[in-house]
Amino acid sequence: MIYLLANPKAKQDAINYMLTLPEDGTWEAVMQEYIKKRTAAQNRLYHMWKPYIAKVSGYTLDEMHDEFKYAFIGSYTYTNRKGVLREKPLSTTSLSVPDFVIFLNKIEVVANRLEITLPIPHDYRFAMMRE
């Protein structure tokens with residue numbers, strides 16, 4: 001169960017829930033500062049732009065998504081159950097709102113280098129935190 005403790009009622013709801021847990025079990029409660037992830041406007045903008053660059057570069061949408069993640073967010077390696085070392089890109093879902101602005105700015109740079117004109121929607125300034 002996850003509670004966003006944004007007000008006194010939400011805090012009390014979380015406390016009430018914890019009081020209902022069986023006393024014979026061991027429970028873990030993790031408290032951390034809430035950091036808002038990318039906005040809906042940022043998400044729309046990214047999914048609007050991705051096909052334009054994928055089409056010119058010859059990538060599928062999934063491949064383009066992975067290429068952006070590798071290039072601009074990074075990756076990690078792990079060993080799978082068969083002992084094979086694998087590399088996987090980090091997820092865009094972990095980016096904060098300001099970090100996603102940086103991610104989108106880097107995509108704009110790529111588009112400019114490829115001479116791709118990206119559409120600019122009505123909420124572009126909001127997505128890029130310029131308002």
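Gln-42 touches Val-97, Phe-100, Val-101, Leu-104 and Ala-127, leaving aside residues up to four places away in sequence, where contact means heavy atoms within 4.5 Å. The model is predicted, so that local features need pLDDT of at least 70 and side-chain atom pairs count only at pLDDT 80 or more, while totals for chains, interfaces and linings use all residues. Residues are numbered from 1 along each chain as its sequence is written, and side-chain values use heavy atoms, with hydrogens and water left out.

Gln-42 belongs to helix α2 (residues 40-57), helices being DSSP runs of H or I with at least four residues, numbered from the N terminus. Because its relative accessibility is 0%, Gln-42 counts as buried (under 20% relative accessible area, with a 1.4 Å probe and protein chains only).

Helix α3 (residues 61-72) packs against helix α4 (residues 97-113) at an angle of about 110°, with the axes 11 Å apart; the axes are lines fitted to C-alpha atoms over the stretch in contact, and angles run from 0 to 180 degrees between N-to-C directions. That makes α3 roughly perpendicular to α4 (65 to 115 degrees). In this packing, Phe-68, Lys-69 and Phe-72 of α3 meet Phe-103, Lys-106, Ile-107 and Val-110 of α4.

The table gives residue classes, with Ala, Val, Leu, Ile, Met, Phe, Trp, Tyr, Cys and Pro as nonpolar, Asp, Glu, Lys and Arg as charged, and the others, Gly among them, as polar.

| Site | Nonpolar | Polar | Charged |
|---|---|---|---|
| Lining of the largest pocket | 16 nonpolar residues | one polar residue | four charged residues |

How values were computed. Helices (H or I, at least four residues) and strands (E, at least two) are DSSP runs, numbered from the N terminus. Angles under 35 degrees count as roughly parallel, over 145 as roughly antiparallel, 65 to 115 as roughly perpendicular and the rest as oblique. Buried means under 20% relative accessible area, exposed over 50%, partly exposed in between (1.4 Å probe, protein chains only).
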